[in-house]
Amino acid sequence: MHSPDPELLTFARQMRDDLNRLTMEHQFAVDEVLTKVSILRQEFLHLNQYNPIEHVGSRVKSVQSILEKAIRRNLDLTPAAIREALTDIAGVRITCSFIADTYRILETLTAQADVKVVQIKDYIAEPKPNGYRSLHAIIEITVFLSTGEVPVRVEVQIRTIAMDFWASLEHKIYYKYAGVVPEHLAQSLLEAATSAQQLDRRMEQLHAEVHGPKLADDVPDPVWDAIDEDVLLRAWEANRRPQP
Ligand code: 0O2
């Protein structure tokens, strides 16, 4: 092999560095979102003695798969064009117990002041024709680097365990048949999606029946063990005084 053009070599190094930087920035953005989700999860558990999140996963696309998608989309192969067009370089997937929890998590996450909502797609209210259900949000958050602030977009998918189970099987089937799923399998998947939806509703009803609005009364509340009585009385007095 003849030695490469030195200019091309310099360009290749620059491109590699730019793309590595792009993935690094997206990894930082994912870390920020994971911290936010972890705080929401713990706060919810603290307030309600109930954990609405079953599982949280994340991934940042590799340089290789970023380039493949950019080529598929016929994008200009520049870091700026890739950054602008690809909104799923960073992905976070949150699996919840119940449908109501998916909306609650979406609302609380997107209401945060440092989270800019770019796009929301509600495939729970309006499932895809193949039966796919999930909430998708593209959010933008700021990553603070030594070189300055960078806005970075993260795709957040929020769904129930049943929706996630269905989506992961459908994904495998879709790839096995390179996107052309035989009719009988597509039909079975659609029926399975309906069953998953019914299961979600059933589980939510059961949960409401067991816990219902009386959740707070049912849970033993060890407040008297946590605060010494003298301290409690002093705090009570202080809080009853008119505040300046
Ligand atoms: P992967 O391998 O999971 O990353 P876009 O991402 O912009 O090209 P689109 O359709 O405009 O595609 O965005 P949308 O609808 O928000 O979907 C983005 C992601 O949601 C997909 O990413 C999947 O992860 C998931 N998804 C969407 N539709 C389906 C579906 O029918 N079945 C399953 N199993 N997952 C789905 P990628 O890049 O396609 O795949």
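I started with a definition: a residue is buried if 20 or more other C-beta atoms lie within 10 Å of its own, exposed if 12 or fewer, and partly exposed in between, with C-beta atoms placed from the backbone. Helices (H or I, at least four residues) and strands (E, at least two) are DSSP runs, numbered from the N terminus.

**Ground rules**

I am working with a predicted model, where local features need pLDDT of at least 70, side-chain atom pairs count only at pLDDT 80 or more, and totals for chains, interfaces and linings use all residues. Residues are numbered from 1 along each chain as its sequence is written.

**Entry: helix α6**

I looked up which residues of α6 are buried, and found Ala 193, Ala 196 and Asp 200. I know that an α-helix has 3.6 residues a turn, so residues three or four places apart point the same way. What covers the buried residues of α6 includes α4, β5 and α5, by contacts (C-beta atoms, placed from the backbone, within 7 Å).

Then I checked the length of α6, residues 183–210. The expected span of a helix is 1.5 Å times one less than its number of residues. After α6 comes Gly 212, with a positive phi near 55°.

**Entry: helix α1**

I ran the length check on α1 too: 43 residues should span 63 Å, and the end C-alpha atoms are 63 Å apart, so the two agree. Its buried residues are Leu 22, His 26, Ala 29, Val 30, Val 33 and Val 37. What do the buried residues of α1 pack against? I found β1, α3 (79–85), β2, β4 and β5.

**Entry: how the strands pair**

Two strands pair if DSSP finds at least two bridges between them. I began with β3 (residues 116–122) and β4 (residues 135–145), which are antiparallel with six bridges. Ile 120 has Ala 137 in β4 as its bridge partner.

Next I followed β4 into β5 (residues 148–160): these two run antiparallel and are joined by 11 bridges. A hairpin with two residues links β4 to β5. I noted two pairs here: His 136 is opposite Gln 157 of β5, and Val 143 is opposite Val 150 of β5.

Does β2 run parallel or antiparallel to β5? It is parallel, with six bridges. Arg 93 stands opposite Gln 157 in β5. A reminder to myself: in a regular strand the side chains alternate between the two faces of the sheet.

**Entry: the nonpolar cores**

A nonpolar core is a set of buried Ala, Val, Leu, Ile, Met, Phe, Trp, Tyr and Cys residues joined through C-beta atoms within 7 Å. The largest one has 29 residues, and Val 33, Ile 94, Val 154 and Val 156 touch the most other members. I found that α1 (6–48), β1 (53–60), β2 (90–96), α4 (99–110), β4 and β5 each supply at least two residues of this core. The largest share is from α1, with five residues.

I picked out Val 154 and listed its contacts, leaving aside neighbours within four places in sequence: Ala 29, Val 30, Val 33, Ala 90, Val 92, Ile 139 and Ile 141. There is also a second, separate core of six residues, including Ala 162, Met 163, Trp 166 and Ala 167.

**Entry: around the ligand**

Which residues are around the ligand? I wrote down Asp 88, Lys 121, Lys 128, Asn 130, Tyr 132, His 136, Ala 167, Glu 170 and His 171; the test is a C-beta atom, placed from the backbone, within 6 Å. Helix α5 (residues 161–176) gives the most to this shell, three residues.

I sorted the shell by class and got two nonpolar, three polar and four charged residues. In that sorting Ala, Val, Leu, Ile, Met, Phe, Trp, Tyr, Cys and Pro count as nonpolar, Asp, Glu, Lys and Arg as charged, and the others, Gly among them, as polar.

**Entry: loops**

I found Leu 86 in the loop between α3 and β2. Leu 86 counts as buried because 20 other C-beta atoms are within 10 Å. Leaving aside neighbours within four places in sequence, Leu 86 is in contact with Ile 66, Lys 69 and Ala 70.

Most residues other than glycine have a negative phi, and most peptide bonds are trans. Gln 49, not a glycine, has a positive phi of about 50°. Gln 49 is in the loop between α1 and β1, and counts as partly exposed because it has 14 C-beta neighbours inside 10 Å. Ala 178 also has a positive phi, near 45°. I placed Ala 178 in the loop between α5 and α6, where it counts as exposed with 7 C-beta neighbours inside 10 Å.

Note on methods: Two residues are in contact if their C-beta atoms, placed from the backbone, lie within 7 Å.
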